[in-house]
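Dear colleague,

I am handing over the structure below, with the sequence alongside, and my notes on what was found follow directly after it. Please read them with the coordinates open.

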Amino acid sequence: MEEETKSKVYILLDERNRVIAIDGGYTIQNVDIKTWKFIDEGTGDRYNLCQSNYLPTPLYTDDGIPAWKFDEKSGLTARTEKEIEEDRKAIPIVPTEYDKLEAQLDWTAIMTDTLIIKEAKSGDSMFDKIKVWYDMGLWSVEQVATARDKGIITKEQYDEIVGKKEEK
Amino acid sequence: MATGAFTLNNKMQTNLAGGLLDFSTGTWKAILLTSTAPVATAETLSDVSGYQPSNAGYAEQTVTCSVTGNGNNVVSFGNASFTASGGSYTARYISYYETGAGLLTGYMLLDENDTDITINNGETVTISAPNAIIIGTTYVLEVNGQNGNVEFEYDHRNLLLNPFFTVNSKGQSTYTIASGVNATVDSWKGQKTSGTDATITVNSNGVSLTNPDTTNTLFFYQDLSSLSSFLNGKSMTVSLKFQDDTSADYQFTFNGASVTVHSETDYNVRIYVGGSFTFQFCIDVKPTKTLNLKAVKLELGDISTLAYDTLPNENEQLNLIYGGNAKSNRNLIDNPFFTVNQRGSSTYSLNGYTVDRWITGNSNLQLDVNSNSITLTNNGASQYEFIQRIESTFALYAGKTLTLSIKDDSDNIYYNTATIPNTAPASTTFYIGIPLPNDSGDFNFAYTAGLQIFYADLRLKAGKTITIKAVKLELGSISTLAYDAPPSYAEELLKCQRYFLSIKNSCTYAGIFSSQYAVEFTIPTPIAMRTTPTLTGITLIASLTSTGAINSTSIVSQSVMHVNANSVECLVTYTADTAGVIYSNVNVFFQTYNINLSADL
């Protein structure tokens, strides 16, 4: 009978048992059954189009962190906010070309007293931006201190950005 | 009639004196004209050799006869003028042309008093009958014997179309008659001026006309204005047959003005002339009354013959109603001519999707794509299915009459009809079944309780092969597949792309980093996809450095996050990029081949 045709659902796990891919059904060609794990079978969109319809929420967060995990006892479960946040913090901060350019522009503007606005349009204050430049390694302690001395950030904000480090 | 002896069979009760032709006086001769050529509109027949002379005066003539047909089965009656050698003459004729059978048979009845008529061999006789009525119906007329001994088998034709209410193209079981004119079963309309809505319910036994309003009348009518000039001055009979098998008939003469044929407690029968109507046949259902009609007949003469009528052929009725250009109902099956084949293979042997929207249920069921058809071959030992799941709920077709059709490679069309019940079944149920030729299997319309959708299902038996050109599912009780041209490829492609979109050639999509390990990008789609589709085909992402160099890496997963009206938003995650080689560059893009988005049902 027509409805007896069932689609199989497979998942791919990383070393921490996070689900990094789910597929099967109509796109079974994406699955290498030697490395993927079979978890379920059935009929309808949830199984035929399991890549995008099996889980009730997306496989990844919007910033690309796995949102589901698997173990033999509990099966598929959503990862907690805490687990996701820990993953998010563990991602190394890598400056983009745009970051490098903007950090350079901000430094030049401060040094030449040509900074047009102290509050970024996005709502990020210069404090937020300078903290990012410092965390990314684009600015040194001395550059942050210069921003403090020119009144761009406060003494308390400087301490928050650099901790107890002192400029040379 | 004088010497012309009309022999009435059991279907024939007539008084021709009240009808169109008056044979009560005179002596009649019959000439039978036949042709071996199909008859088209306004065909000229020549070298008619198979006539049967009624007496020696007309023996062995070659007669050329110009006739007018409408391309269908037609019957013409009328007074005719003849032009032949020796002058012009007036006579009466009955002619019957049957194009469906490919032959024409015509009968001229000549008044023997016109003794001067001589038709010489090779001469032309032109029949001019400006007042002739052309009615598409099967009319049987036989000439039997010699010397004007004419025998008729005369089934009084019904001037009303769809007289048994069996043609119901719209497929509704109930029509609500609000104020104004409302379409109902084919050729019949319902009208109210104001007040509570009336209903016209279609059932297997006719129609029930229910008028709950306490003041206003429900009008149930058919427009016969095109016949008014012909009917003017004629005596006619109206016959009503009710669902309890009682009947009534009423006689009247039409003189070009409105006439109340009969008035009862519950209803009136009227001929209405006014406005744009020059002959409107109308049944009035009086306030608070219900009329359960099985059939209606309007015929010439003063004898009712409705009791001898059988149910008309629905397809013939359809031809009559729509004049040989029967409207074609919308096809409820996608890709019905199998012309859309986005996956692009010429042969499929798999358990899965093949040509768009169609699934083969087993790898032993082979599908070959031909130029204007597909061939299914069952290479296995069991019966396998070829199906299309129809995006539907049970409520969509509950109570509806549906017709399923299939056309094979010889253009034979097989069809069947059923009415879907109002309650969803607890298990998979087949509602319409069509046996396929050569005992190869069947074609069905079914509902799966598991998936809770309807589906079309061709079941092919082991070892069998069938080539099919098209299939159709439509509302109503008639098959209109014969009238369908292959649908627009563009329209069918668009419908199919709601379920599956194949992008085969090189495409480049710009993306944005949502994090160091994920990129979002948008694929435009020609139509909103049915549900969140699966995404396949992305194998690589790349980013440009500020100096124009390209860094690339392989992906971990690909999926669609959101469906929009004309796009899908995709998320691709990729191999760990802790050094930020990909992420740090100025932009990211995908250059891909053969992307598939599947929202197949």
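In chain A, 54% of the contacts with a separation of 6 or more are between residues 24 or more positions apart. For chain B, the corresponding share of contacts with a separation of 6 or more is 62%. Please keep in mind throughout that this is a predicted model. The mean pLDDT of chain A is 87, with 90% of its residues at 70 or more, and within that chain the confidence is lowest in helix α4 (residues 97-111), at a mean of 88, and highest in strand β4 (residues 68-71), at 96.

Chain A has 168 residues, of which 26% count as buried, and its secondary structure comes to seven helices and five strands. Read from the N terminus on, the order of these elements is β-β-β-α-α-β-β-α-α-α-α-α. Strand β1 (residues 7-13) of chain A pairs with two partners that I looked at in some detail. With strand β3 (residues 37-42) of chain A, β1(A) pairs in the antiparallel sense over five bridges, and here A:Tyr10 stands opposite A:Phe38. With strand β2 (residues 19-24) of chain A, β1(A) is again joined by five bridges and runs antiparallel, and in this pairing A:Leu12 has A:Ala21 as its bridge partner. β1(A) and β2(A) form a hairpin with five residues between them, and A:Asn17 in the turn has a positive phi of about 60°.

Chain B is built from four helices and 41 strands, and buried residues make up 41% of its 601 residues. One part of chain B is an open sheet of six strands with antiparallel pairing, in the order β12-β13-β16-β21-β20-β19. Its edge strands, each pairing on one side only, are β12 (180-183) and β19 (259-263) of chain B, and neighbouring strands of this sheet are turned by 25° against each other on average, direction ignored.

As for how the chains meet, 38 residues of chain B are in contact with 29 residues of chain A. On the side of chain B that touches chain A, at least two residues each come from β23 (347-353), β26 (384-390), β31 (453-460), β34 (507-515), β36 (534-536), β38 (550-564) and β39 (567-574) of chain B, and the largest share, five residues, comes from β38(B). By residue type, this side of chain B divides into 14 nonpolar, 21 polar and three charged residues.

The largest nonpolar core has 79 residues, among which A:Ile22, B:Phe445, B:Val572 and B:Leu597 touch the most other members; β31(B), with six residues, gives the most to this core. Leaving aside its neighbours within four places in sequence, B:Val572 is in contact with B:Ala518, B:Val519, B:Ile538, B:Ile541, B:Ile555 and B:Gln558. A second, separate core of 39 residues includes B:Val185, B:Val269, B:Ala295 and B:Leu300.

With best wishes

Methods: Residues are numbered from 1 along each chain as its sequence is written. Chains are lettered from A and ligands numbered from 1 in the order in which they are written. This is a predicted model: local features need pLDDT of at least 70, side-chain atom pairs count only at pLDDT 80 or more; totals for chains, interfaces and linings use all residues. Two residues are in contact if their C-beta atoms, placed from the backbone, lie within 7 Å. Ala, Val, Leu, Ile, Met, Phe, Trp, Tyr, Cys and Pro count as nonpolar, Asp, Glu, Lys and Arg as charged, and the others, Gly among them, as polar. pLDDT is the predictor's confidence in each residue, from 0 to 100. A residue is buried if 20 or more other C-beta atoms lie within 10 Å of its own, exposed if 12 or fewer, and partly exposed in between; C-beta atoms are placed from the backbone. Two strands pair if DSSP finds at least two bridges between them. Axes are lines fitted to C-alpha atoms, for helices over the stretch in contact, and angles run from 0 to 180 degrees between N-to-C directions. A nonpolar core is a set of buried Ala, Val, Leu, Ile, Met, Phe, Trp, Tyr and Cys residues joined through C-beta atoms within 7 Å.
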